[in-house]
Amino acid sequence: MQNTPIVQEFLELVKLPVHSKDERAIADVVKKKLEEIGFSVAEDGTAEKVGGNTGNLIARLPGKRNIPTILFSAHLDRVRNPGKITPVFDEENGVIKSDGTTILAADDVSGLVSIMDGVRRLKASGKPHGDLEVVFSVCEEMAVIGAKELNFPELKAKFGYVLDCPGRIGRIVKQAPTKCKIIVTVKGIKAHAGNEPEKGLNAIKVAAHALAQMPEGRISPNVTSNFGMIKGGAGTNVVCDEVVITGEARGTDDKELEEYLQQVRKIFEETAQKFNTTIDVSVTTLYHTFNVPEDSEVIETVKKALKKQDIEGFCQKGGGGSDGNHYNRHGIPTVVLALGYSKNHTNAEQIIVEDLEKAGKLVEDIISGVYEKYSG
């Protein structure tokens with residue numbers, strides 16, 4: 001297994017101590033790298049807005065006029081992990097993985113290094129290009145809140161690519177869901193569980209009654225739901241007077257999603273009436289769905305670039321969100337590209353080295369392809 005420049009940079013960056021809201025270490029390193037490539041780099045004020053120590057990095061590299069600006073994006077943060085990451089080469093299977101005690105952080109260090117490697121390749125070749133915009137966002141792993149704070153009118157890109165997706169290179173996520181956070185506060189009545197339990201109302205029991213009726217899981221081909229957290233109670237000797245349930249609902253059809261949310265509200269409302277209590281349901285939309293047409297320029301461009309490496313690009317619907325949700329919401333047609341990693345967010349995370357190396361070449365070929373199309 002060759003230790004190529006992109007692999008060396010990947011190994012360097014995964015070892016840095018990074019979490020959501022604490023991206024300073026990696027941001028300082030990649031900012032310097034981007035400037036060495038030739039980008040001008042600015043950091044926005046997102047840190048203060050999200051309660052972190054780092055803002056989104058917005059980098060620009062000027063090119064030839066009259067060529068559409070392309071956006072490339074990846075995120076700086078990673079899911080919280082229990083310590084220093086130690087990457088390991090698995091020569092037999094052609095992958096890099098962690099030592100099994102932490103994540104690998106291929107999600108999304110692979111995106112960062114692929115973008116930088118692709119632009120370095122381009123500059124080394126001497127090929128002309130149009131203007132490039134690169135965004136390295138913060139807090140993507142926290143419901144994509146970092147990119148939400150970007151000043152979108154300042155972005156000039158005609159279309160974009162988010163390099164942040166599990167799967168083999170060639171996978172193109174053209175559609176992703178809206179995600180809603182659901183917080184439900186169920187009120188009961190506190191009482192001594194031994195002396196006068198009949199004077200209490202157990203909020204846990206009320207919550208259980210509602211959840212037992214609640215449709216959950218895959219609601220339809222377009223909507224999913226999960227109530228994954230429940231908190232309440234002060235002790236076994238006290239009738240529980242409050243429970244907070246936290247869940248989510250996702251949908252690629254906003255009408256169907258809203259119909260499901262109305263069903264959720266109705267079940268909790270009827271439960272409150274049955275137990276003569278109060279249940280508050282709060283729904284917050286974290287990001288919005290998108291669906292990029294398969295015959296769009298952004299998809300045709302990446303498929304053509306993939307073919308230069310004899311890779312057949314294929315489009316799929318994704319179940320998770322990314323910074324791409326925000327770009328599409330703000331009028332920049334964007335798809336999400338796979339980079340060869342799998343089992344992300346777990347200690348079994350790994351990345352196929354061959355795919356990582358091809359990802360850098362893909363970035364170069366996307367940029368060159370756009371120039372060739374518009375310069376001729």
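Which helix lies across S5 and S18? Helix H9, residues 353-375, does, running at about 65° to S18. Helices here are DSSP runs of H or I with at least four residues, strands are runs of E with at least two, and both are numbered from the N terminus. Axes are lines fitted to C-alpha atoms, for helices over the stretch in contact, and angles run from 0 to 180 degrees between N-to-C directions.

A word on the source. This is a predicted model, in which local features need pLDDT of at least 70, side-chain atom pairs count only at pLDDT 80 or more, and totals for chains, interfaces and linings use all residues. Residues are numbered from 1 along each chain as its sequence is written, and side-chain values use heavy atoms, leaving out hydrogens and water.

Now the sheet. It is open, with 4 strands in the order S4-S5-S18-S17, and the pairing is antiparallel. S4 (87-90) and S17 (341-342) are at the edges with a single partner strand each, so one side of each has no neighbour in the sheet. Pairing takes at least two DSSP bridges between two strands. S5, residues 95-98, and S18, residues 350-352, have 3 bridges. Lys97 stands opposite Gln350 in S18.

Next, the helix pair. The axes of H4 (residues 106-125) and H9 come within 7 Å and cross at roughly 55°. H4 and H9 are therefore oblique to each other: under 35 degrees is roughly parallel, over 145 roughly antiparallel, 65 to 115 roughly perpendicular, and the rest oblique. The contact (heavy atoms within 4.5 Å) includes Val113 and Leu122 of H4 and Leu356 and Ile367 of H9.
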